[in-house]
Amino acid sequence: MRPLIPALALIAALAYGAASAQPAPTAAAVDPPPHNMQGDQQSWIGDPHIHAFYDLTVRAFAHGADKVDETRFHDDAMAIFRDFAVSRHVPPAAMEEHLKLIPGQIVRIARDDPKVLQSYDAFVVALFGPQ
């Protein structure tokens, strides 16, 4: 099982590094500064929104892996992630873009290894890697 969040953070860091190596744009073309979405992993792990995402995942799998409504799960997860963004003073659309693949990936992980839903700690390992 590969942790999801560190991989996304690496991709974002590489993209930021590549972008920062480019010449400075003119004042008219300047975009808002990039946000560090992840920051301290422990602050994410301890955040009630990530706990809510775990609870949502457990509820989605309550009647079996083959009964998960993936569209609804994705939509509900995105609502949690938007609220999470607001709590972190990050544009919700940016957080949603950053985490858009996570709901589908966690569904596949939980189908392959249902033990990831047995505890929040196991879920954290699936998302962030061993702590």
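Mentor: Let us begin with a loop residue: H89 lies in the loop between α4 and α5, where helices (H or I, at least four residues) are DSSP runs numbered from the N terminus. The model is predicted, so local features need pLDDT of at least 70 and side-chain atom pairs count only at pLDDT 80 or more, while totals for chains, interfaces and linings use all residues. Residues are numbered from 1 along each chain as its sequence is written, and side-chain values use heavy atoms, with hydrogens and water left out.

Trainee: Is H89 buried or exposed?

Mentor: Buried means under 20% relative accessible area, exposed over 50%, and partly exposed in between, with a 1.4 Å probe and protein chains only. H89 has a relative accessible area of 71% and is therefore exposed. Its phi is near 60°, a positive value in a residue other than glycine.

Trainee: Which residues is T57 in contact with, beyond its neighbours within four places in sequence?

Mentor: Contact means heavy atoms within 4.5 Å. T57, in helix α3, is in contact with F73, I106, L117 and F123. T57 counts as buried because its relative accessibility is 0%.

Trainee: How do α3 and α4 pack, and at what angle?

Mentor: Axes are lines fitted to C-alpha atoms, for helices over the stretch in contact, and angles run from 0 to 180 degrees between N-to-C directions. Here the angle is about 170°, with the axes 9 Å apart. The two helices α3 and α4 are therefore roughly antiparallel, a term for angles over 145 degrees. Residues in this contact include H49, F53 and T57 of α3, and F73, D76 and F81 of α4.

Trainee: Which residues of the largest nonpolar core touch the most other members?

Mentor: In soluble globular proteins, nonpolar side chains tend to be buried together. A nonpolar core is a set of buried Ala, Val, Leu, Ile, Met, Phe, Trp, Tyr and Cys residues joined through side-chain atoms within 4.5 Å. In the largest one, of 31 residues, they are F53, F81, M95, I106, F123 and L127. Helix α4 gives the most to this core, with seven residues. Beyond four places in sequence, F81 is in contact with F53, M95, L99, I102 and P103.

Trainee: Where is confidence lowest, and where is it highest?

Mentor: The predictor's confidence in each residue is pLDDT, from 0 to 100. Confidence is lowest in helix α1 (residues 5-20), at a mean of 48, and highest in α3, at 98. The chain mean is 82, and 70% of residues reach 70 or more.

Definitions and conventions
Angles under 35 degrees count as roughly parallel, over 145 as roughly antiparallel, 65 to 115 as roughly perpendicular and the rest as oblique.
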